[in-house]
Amino acid sequence: MSKKGKTAVLSIAIILVIGFLFGIVFISKVIPPGEEWISYQNDEVIQIIDAQLQGIDMESVVKEKSGYIVEKSIHEIQQEVEKGNLSYEEITAVCLYRIKTMDQKENGLNSVITINPDAMEEARNRDREYRRDQGSRSELYGIPVMLKDNINTAGMATSAGAEAFADFYPEKDAEVVKNLKENGAVILGKNNLSEFANYLSRTMPAGYSGRKGQTVNPFGPLKLSPSGSSGGSAVAVTANLVPVSVGTETDGSIIAPAAANSVVGLKPTRKEALSEGVFPLIKQIDTVGPIAKSVRDAAIAYQAMSGEKISLNFERDALRGKKIGVVGYEYNDKNMLSKLRENLQSMGANVENVELDSAGILVFNNIFQSFKNDFEEYAENYDLPIKKLDRLLKYNREKPGRRIRYGQDLLEEAAQVENPDKSIAEKAIQKANGVLTALFQENQLDAIVFLNSSGTTVPAAAGYPELTVPFGTGKGNAPQGVTFVAESGEDEKLLNMGYSFEAHTQGRRVP
């Protein structure tokens, strides 16, 4: 080969190498990174647990009592307490031990961000009260409950997943926490979440926070997403670290992780009071709801946290004669959709295919309009250590490796909005209400259903109640859920239909 030929070949090779390297850099920037084994401050959580379990023969307690707790319903647990086989102290101890050994170990689930240092003492108090007074009480009495870490809890840090707020201790409980305590629940601790309820970075994996690291899905750690933003809440329940947890939702943040982790998630009819004391995304839309292993457990938790009186006398055949509209999407698993329709028909439901028109109804894409105003109002009202969004951005930039590992582009966009247009959210709410009202009335529907969280945006905007129920597994052994939507205020009817579907399908899977 001539000298000119060799030079040309070498030049082409150099160009190809440079192009290849450029391609790698480009891809790394535009394609979101995957999950990583990252957990922060596990030793702190373990230390709080060990201090409370000191002097207890946990090996014996776990061996003798776990069978009364793990994968049992709240009703079954309470029955064992009544029989004298179990105490509230033992229930709490087993939960703490499982958190230490399954969640906070190296390459553990990392669903728990912090533990209530007084959890065991609260449980002992429930035992003393129970022995002293055998009168009627909430079914959630003495049962450990975990809270998503964007829900204000007096005496416990509430960080919304941000390292910046790791030492923020609210002076008073959010409304839902106050209600839970009044009904005798034992607040066990706080769950990890997608930082700022997933409003930090477009490339941040679901379940990651700068405060605690990456929560993983126990059905496929680092392979299957825990989903979000209430991923820690769903993982803690499916792994039997706690019987029930409380999450929050703007659009899909309870429903999606519940479906992804084979548990029940309830986003109730929106009530403004229940979001008081909760870190906001869009105040007009944010909703709080329970995550549990069964529909009945979710109903028990919702009663306790909301004060709503819901009949728990659910009917196995509640779907018989109901008219159900099935919403399918192109990206849905066609086999799962067919299976859903067949199951509903076998339960005696009248099934009709319907379309859910979401055109022009934006939720997540409108958060930037209200976030700065809502964040700064919350920061001022509850005395956060950083009260301005611009100052938070600057604080995060000082140590980006931990505080903004995946960037903070969403916060930066929100910071540019000087005059928020709240009418955009109001218009989305009004349009969503109109779409659902017409869909239910024109088709005379009792409910609409869809797979997983594929249709959450419209009911989320409208504030209609949603309930996801486990539906076995799909491709790659990934858990699946079926989400029911009822009309506004029809939470009891929704739970009854979900209970019927659950009883017939038995779709819950244990990781």
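This is a predicted model: local features need pLDDT of at least 70, side-chain atom pairs count only at pLDDT 80 or more; totals for chains, interfaces and linings use all residues.
Switch to a cartoon view next. You'll find 19 helices and 13 strands in the protein chain. The radius of gyration is 24 Å, close to the 24 Å the globule rule gives for 511 residues, so the chain is as compact as a globular protein of that length. If you draw a box along the principal axes, the C-alpha atoms fill roughly 95 × 60 × 50 Å. Now colour by burial: 57% of the 511 residues count as buried.

Time to zoom in. Select residues 88-103, which is helix α5, and residues 119-132, which is helix α6. Two packed helices are described by the angle between their axes and the distance between the axes. Here the axes come within 7 Å and cross at roughly 160°. That angle is over 145°, so α5 is roughly antiparallel to α6. As for handedness, α5 passes α6 in a right-handed crossing.

Now show side chains at the contact. On α5, pick Tyr-88, Glu-89, Thr-92, Ala-93 and Leu-96. On α6, pick Ala-119, Met-120, Ala-123, Arg-124, Arg-126, Asp-127 and Tyr-130. What does this contact hold, by class? Colour the selection and you'll get seven nonpolar residues, one polar and four charged.

Key: Residues are numbered from 1 along each chain as its sequence is written. Side-chain values use heavy atoms; hydrogens and water are left out. Axes are lines fitted to C-alpha atoms, for helices over the stretch in contact, and angles run from 0 to 180 degrees between N-to-C directions. Helices (H or I, at least four residues) and strands (E, at least two) are DSSP runs, numbered from the N terminus. Angles under 35 degrees count as roughly parallel, over 145 as roughly antiparallel, 65 to 115 as roughly perpendicular and the rest as oblique. A crossing is left-handed if the near helix is turned anticlockwise from the far one by less than a right angle, and right-handed if clockwise. Contact means heavy atoms within 4.5 Å. Ala, Val, Leu, Ile, Met, Phe, Trp, Tyr, Cys and Pro count as nonpolar, Asp, Glu, Lys and Arg as charged, and the others, Gly among them, as polar. The radius of gyration is taken over C-alpha atoms; the globule rule is 2.2 Å times the number of residues to the power 0.38. Buried means under 20% relative accessible area, exposed over 50%, partly exposed in between (1.4 Å probe, protein chains only).
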